[in-house]
Amino acid sequence: MTKLQRLNSLVGGIVMLILGTLIIVHPIEGFYIVALILSVSLFVTGIRYLWQYFTMARYMVSGKSVLFLGVLVLDFAAFTFSLMDFPRIFIIGYLMAIHAFGGLVEILRSLEAKGYHNPNWKWKFLHGLIDIAMMTMCMIFIKQGNLPIQLYGLGIITSAIGKIINVFRPSAIVYIQ
């Protein structure tokens with residue numbers, strides 16, 4: 001990781017810590033923050049996919065799938081933003097789906113890293129288990145309005161701590177001789 005990447009990751013981790021703490025302390029306003037975070041992150045991801053399509057992917061094999069994915073993600077962003085006035089259960093359902101998918105992907109990545117004898121596979125596996133546990137807790141306490149939002153804030157805090165730890169972890173430099 002370069003120094004600029006480390007600085008970006010450190011600043012991102014600190015911002016995530018602040019947002020997670022704000023969501024836990026003020027869960028009623030935290031709901032709107034969570035919905036805004038979801039819609040803005042989906043919007044930025046959709047714009048990135050569209051940018052990738054128009055700059056490079058349209059010349060690639062199956063590049064149209066990047067275009068379709070970008071339009072679909074932008075549609076999800078608009079849909080998420082429109083859900084802010086509806087009952088909280090829709091946003092909580094989104095959170096459960098995100099935690100379930102993220103946890104499953106992180107567990108599979110950690111098992112792949114274990115196969116390559118990477119010593120950091122345990123942290124990834126633990127992060128995946130935390131995501132699955134958060135999804136389970138959200139499913140159990142879905143009727144209680146503030147607790148799933150606070151669990152999401154706790155998930156943001158754990159991700160921020162992982163980001164900050166990765167900043168200070170030494171990275172391997174490969175030299176070609």
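Here are legends for several close-up views of one predicted model.

Local features in these views need pLDDT of at least 70 and side-chain atom pairs count only at pLDDT 80 or more, while totals for chains, interfaces and linings use all residues. Residues are numbered from 1 along each chain as its sequence is written, and side-chain values use heavy atoms, leaving out hydrogens and water.

**View 1. The whole chain, for orientation.** The chain has 6 helices and 0 strands, in the order α-α-α-α-α-α; helices (H or I, at least four residues) and strands (E, at least two) are DSSP runs, numbered from the N terminus. Along the principal axes, the C-alpha atoms fill a box of roughly 60 × 40 × 30 Å. Of the 177 residues, 29% count as buried; buried means under 20% relative accessible area, exposed over 50%, and partly exposed in between, with a 1.4 Å probe and protein chains only. The accessible surface comes to about 11700 Å², and 73% of that belongs to carbon and sulfur atoms; areas come from the Shrake-Rupley method with a 1.4 Å probe, and for residues only the protein chains shown count as cover. Among contacts (heavy atoms within 4.5 Å) between residues at least 6 apart in sequence, 70% join residues at least 24 apart.

View 2. The 29 residues of α2 should span 42 Å at 1.5 Å a residue, and the end C-alpha atoms are 41 Å apart, which agrees; the expected span is 1.5 Å times one less than the number of residues. Buried residues of α2 include F31, V34, L38, L50 and Y53. The partners of the buried residues of α2 are α1 (3–25), α3, α4 and α6 (147–168).

View 3. Which residues make the nonpolar surface patch? They are L36, V40, F43, V44, I47 and F81, covering about 540 Å². Patches are made of residues with over 30% relative accessible area and no salt bridge; like charges are joined within 9 Å, and nonpolar side chains (Val, Leu, Ile, Met, Phe, Trp, Tyr) within 5 Å. Helix α2 gives the most, with 5 residues. F43 lies in α2 and counts as partly exposed, at 45% relative accessibility.

**View 4. A77 in helix α3.** A77 sits in α3 and is buried, with a relative accessible area of 5%. Setting aside neighbours within four places in sequence, A77 touches S39, L42 and F43. Y94 is 17 residues from A77 along the chain, and their C-alpha atoms are separated by 12 Å.

**View 5. E106, a buried charge in helix α4.** E106 lies in α4. E106 is buried yet has no salt bridge, and R109, the nearest side chain of opposite charge, is 4.3 Å away. A salt bridge is a side-chain nitrogen of Lys or Arg within 4 Å of a carboxyl oxygen of Asp or Glu; Lys and Arg count as positive and Asp and Glu as negative, while His and the chain ends are not counted. Beyond neighbours within four places in sequence, E106 is in contact with K124, H127 and G128.

**View 6. Two loop residues with positive phi.** Most residues other than glycine have a negative phi. S62, in the loop between α2 (27–55) and α3 (64–82), has a positive phi near 55 degrees. S62 is exposed, with a relative accessible area of 54%. H117 has a positive phi of about 60 degrees and belongs to the loop between α4 (88–115) and α5 (121–140). H117 is exposed too, with a relative accessible area of 71%.
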